[in-house]
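This report describes a predicted model.

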Amino acid sequence: MQIVLGASRNTTFEQCPRKYKYRYIDKLPQKDWPFHALGSFVHRVLEIWIQSLLVKIEPKMAASLAYAAARKEDAGTKIEPADLQLAKSLLKDYMKEYLASDIETLSTEKRFSFTLEDDFVVRGIIDRVDRLADDKIEIIDYKPTKSPDRLNAQQLMIYALAAKKEFGEAENVVASYVLLRHNNRKVSYDFTDSALKEEEQRLLEQGVTIRDETEWTPKPSFLCNYCDYFMQCHEESDFWTTW
Ligand code: SF4
């Protein structure tokens with residue numbers, strides 16, 4: 001059976017193997033965190049809005065339809081009132097900026113999947129793919145995070161690897177985070193072919209480590225405060241008997 005790899009899976013394993021086991025092997029449900037609802041809602045509105053623009057719906061009408069549709073979905077019903085106000089403000093700012101640009105969007109929520117040495121399959125979803133004026137392809141990932149200092153390049157590297165397989169040379173691909181809470185500032189990466197080869201190797205090594213893991217040892221850190229499985233982990237570990 002192939003092992004599935006991806007930005008969020010690999011990061012979870014690096015952060016804590018036990019958490020990886022709970023989420024991806026035991027498939028325990030995740031908690032509803034308020035910050036998840038905000039992020040999911042903003043992503044969903046932008047996805048529907050841009051898809052509507054691609055079929056030539058008038059932008060304000062498209063925004064209204066996208067907002068209404070996303071409000072009926074899971075994240076839209078769970079978002080807290082203060083976060084909803086924040087989401088509206090972030091969305092309006094970003095929509096205005098998008099309309100004032102000459103961006104040509106090719107697709108949104110683009111799923112990808114590629115294999116590595118038959119044993120591993122790398123999967124993910126790219127928020128948006130644009131074509132730039134110089135014919136380069138730009139991969140966009142929206143980040144509604146407050147703390148951009150915690151961003152790492154691996155997620156975009158995986159996306160760039162997927163785009164390279166579809167669009168050719170690495171030099172044709174730019175990958176950018178858009179920081180929605182920081183005036184839509186972009187953090188962009190131009191990956192070289194050799195950087196992507198190194199990333200492919202790193203993914204393979206992570207895949208082998210995950211495949212061969214048997215202990216799933218808890219790795220406590222400040223992230224335990226935001227862990228979906230905090231109670232389960234502490235009930236199952238020897239936390240209460242080793243102090
Ligand atoms: S509570 Fe902490 S140690 Fe336990 S699974 Fe979650 S992140 Fe890992």
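## Overall fold

The protein chain in this predicted model is built from nine helices and six strands. Its radius of gyration is 20 Å, close to the 18 Å that the globule rule gives for 243 residues, so the chain is as compact as a globular protein of that length. The C-alpha trace spans about 60 × 45 × 30 Å along its principal axes.

Of the 243 residues in the protein chain, 28% are buried. Among contacts with a separation of 6 or more, 65% are between residues 24 or more positions apart.

In soluble globular proteins, nonpolar side chains tend to be buried together. The largest nonpolar core here has 41 residues, and those touching the most other members are Phe41, Val45, Trp49, Ile139, Tyr159 and Ala160. Two or more residues come from each of helix 3 (34–54), helix 4 (59–72), helix 6 (81–100), strand 3 (120–131), strand 4 (137–143), helix 7 (154–167) and strand 5 (173–179). Helix 3 contributes the most, with nine residues.

Which residues does Val45 contact, apart from its neighbours within four places in sequence? They are Ala66, Tyr67, Ala70 and Leu91.

## Around the ligand

The residues around the ligand include four cysteines, Cys16, Cys224, Cys227 and Cys233.

By class, the shell holds nine nonpolar and three charged residues, with no polar ones.

Note on methods: Residues numbered from 1 in each chain as written. Predicted model: local features only at pLDDT ≥ 70, side-chain atom pairs only at ≥ 80, totals over all residues. Helix = DSSP H or I, 4+ residues; strand = E, 2+ residues; numbered from the N terminus. Rg over C-alpha atoms; globule rule 2.2 N^0.38 Å. Buried ≥ 20, exposed ≤ 12 C-beta atoms within 10 Å, placed from the backbone. Contact = placed C-beta atoms within 7 Å. Core = buried A, V, L, I, M, F, W, Y, C linked by C-beta atoms within 7 Å. Near = placed C-beta within 6 Å. Nonpolar A, V, L, I, M, F, W, Y, C, P; charged D, E, K, R; others polar.
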